[in-house]
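Please take a look at the structure below and follow the explanation, which begins where two chains meet and then turns to one of them.

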Amino acid sequence: MRLEIGNFYVRDIVLGSDLVYENGTLTINKEEALKFICEDDRITEADIYIAKPGDKIRMCPVKEAIEPRVRPDGRSVFPGYEGELAQAGDGVTYALKNCSVLVVGRHWGGFQDGIIDMSGEGQKYTLFGELNNIVLVADTNEEFEKREQQKKNDALRRAGHRLAEYIAATVKDLQPEDAEVYELEPMIRRTEDVEKLPSVVYVMQPQSQMEEMGYNTLVYGWDMNHMVPTVMHPNEILDGAVISGSFMPVSSKWSTYDYQNCPNIKALYQEHGKTINFLGIVMSNLNVALEQKERAALFVAQLAKTLGADGAVVAEEGYGNPDADFIGCYVALEDAGVKTVGVTNECTGRDGQSQPLVTLDEKCDAIVSCGNVSELIKLPPMDIVLGELEALGRDGLSGGWADDELLGPSVKPDGSIIMENNAMFCGDRVCGWSTKTMKEF
Amino acid sequence: MKKAIIYINQFFGQIGGEEKADHAPEIRAGQVGPATEMAKSLDAEITHTVICGDNFMGSNTEEAIAAILGMLEGKEMDIFLAGPAFQAGRYGVACGTICKAVKEKFNIPVVTSMNIENPGVEMFKKEMYIMQGGNIAARMRKDVKAMMALSNKLLSGEEVGCAEDEGYFARGIRRQVWREDGIPASERMIDMLKKKLNAQPFQTELPIPKLDRVPIAPAIKDLKTARIALVTTGGIVPVENPDRIQSASATRWGRYEVSALERLKTGEYKTIHAGFDPAAADADPNVITPVDALKVLLQEGVYGSLHPYFYSTVGTGTTQAEAQRMANEMVPYLKEDQVDGVIMVST
């Protein structure tokens, strides 16, 4: 499978009369874009803003992030989700780089939504603080979940994916500035030079713990709660086969943008043929019942063994209950003789004194740690708020609270906030971006 | 200028060595012993030095704490320092004990220094900053320098870095930090992966505490011929406590011959364990060390023979490392006498 990603670097974004990309500047006709978004009659209210690094902008509740992309051959960028099912990971796709579409609730947030700051102390906490963002702020008629803590955010998330593809369409007939090529030979048809290197699989555990449909990560539109682990080509992940869900505390989330650009996959690709033989992805999931967790771990270890993997990397999207899936899978791989490295975040509590994962095992001797979900963060007010800041305390965002005996409310009258890292949108970046680690104090 | 008070033992207080270890606590205006070295770099004036014998603190802990807290009452004090205690076990425990009491009573920062082998580290590292010190007093200057560096940060309110960077024993607190080198997780993952695949040493970012599970021994096949020994962490000793086993956080143990006895007599044996009400055990030491029952069972032929000694230490507050060391010291005696089974009596 050979995937070529043609890159168009977005150095500035402005609103104007046409949708056009020229000399690094992306111009968007807001009215037309909004008209397109409102074709989904569930959208009741929508607006588009530009948020760039250094802007005094805070966004809340942020629900999803997507890299704008288009397929010159007309295939969908998100097959099985926003278009016909088709093979992802093969052929040519175009991407607007340094750029994302962010989806923000106009009013209502939930457990799975978060915060992004574009400047000041809060900027460093999310990747999106460093990107040029097209921000869709919208509301919907999804009354059934308006006051639910756990939201599917279906209309808004789909709107974001549609907008990303709609905007990128403007570069469809242009020449990209440069291109990245991702190509892996079939696992059993590799050269001797590659074969002699230690072979490695990347085991992904996307969030899929909701028994009710509509919240979980999707693969080609299929709810990942309804699968057992399988083998995938890394290119499929980089090319829109996986759509982020709407479920877990948001600092642990992997947005669709994170899947499209997954640094762990790119790093393994980088080493392929040099120091490792990158076999591919073992796509697992996260489960609720112990038997489901054990079944998934059993499948993962079996697949790694059957493929002849010498090593594996396991990464989990979530913390708490999913730690059991993470540790279980790690131990199963080690027991199968596969040398494993884990990537995760921790939950050591606001005082840092809690056990870092809900379950531990001595066999997990190589872990990259990306942060503490419950670290307290205080941030000063921001000039502009996109969305509704009150949502942080009012709507049960995982890192926010309405009131606290010692700390007071999350959202102060002056617009400053205090919250747990839990509410930083995709803040722990276990997919590989994280420059945070954990230290003993 | 901010004020500091320091605690040292009789030796560093220049009162005397082991023979003066019972020295009752006293407070002197000004700087004694290590305090002089500290004064050179501490951003506070050391106004007083507290001196206390190690045995006095160990044997009369409550009295010593009360006396010292009384001496400190009403004195201006922004930080309290103790030691450095190096590898001196009783001194380290004393430093930890008094620092903890001062921190609780006066709510000011406390800093001490010990060697990793000092039992005070395991006992107190979660309660305070204990700098990782040298094993002998020749390391005094270096240890004092490290203590002062951290103390000055605490005095000025400067942020204290992680244990690794500052040189103190980790206090059981894990926090997220931003890596100064900005190396992302993906690169750290690759680095660790390559090292693990190539059997090279690597450093995990989430050390998993070692669970020291001891497998249950196989059952004794024939009890009728088995040689049995009695071991307890319940602190039963001859009343004079000949081995001076500590009442808590023990580092010492003893073995006492019982081959000629029918039972442990009241008034001849007692418990020195400080972790439970001793009334019942003092009234009848056999409730914790059942020599009486074992003698009866021996006569009845239930088991083969009894090892002539029972072994005793105190379990309360005793660190796993010390417990393991003491067990390793006991085991050769049991092996030499071909003991088949041990009855381990806890409390």
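In this predicted model, 44 residues of chain A are in contact with 34 residues of chain B, where contact means that the C-beta atoms of two residues, placed from the backbone, lie within 7 Å. On the side of chain A that touches chain B, the largest share, six residues, is supplied by S21(A), while by class this side holds 18 nonpolar, 13 polar and 13 charged residues. Here Ala, Val, Leu, Ile, Met, Phe, Trp, Tyr, Cys and Pro count as nonpolar, Asp, Glu, Lys and Arg as charged, and the others, Gly among them, as polar.

The two chains also share strand pairing: S25(A) and strand S7 (residues 174-178) of chain B run antiparallel and are joined over five bridges, two strands being paired if DSSP finds at least two bridges between them. Within this pairing, Met438(A) stands opposite Gln176(B) in S7(B).

Chain A itself contains nine helices and 25 strands, which are DSSP runs numbered from the N terminus (helices H or I, at least four residues; strands E, at least two). Its C-alpha trace spans about 60 × 55 × 40 Å along the principal axes. Of the 441 residues of chain A, 59% count as buried, that is, 20 or more other C-beta atoms lie within 10 Å of their own.

Residues are numbered from 1 along each chain as its sequence is written, and chains are lettered from A and ligands numbered from 1 in the order in which they are written. Local features need pLDDT of at least 70 and side-chain atom pairs count only at pLDDT 80 or more, whereas totals for chains, interfaces and linings use all residues.

Notes:
A residue is buried if 20 or more other C-beta atoms lie within 10 Å of its own, exposed if 12 or fewer, and partly exposed in between; C-beta atoms are placed from the backbone.
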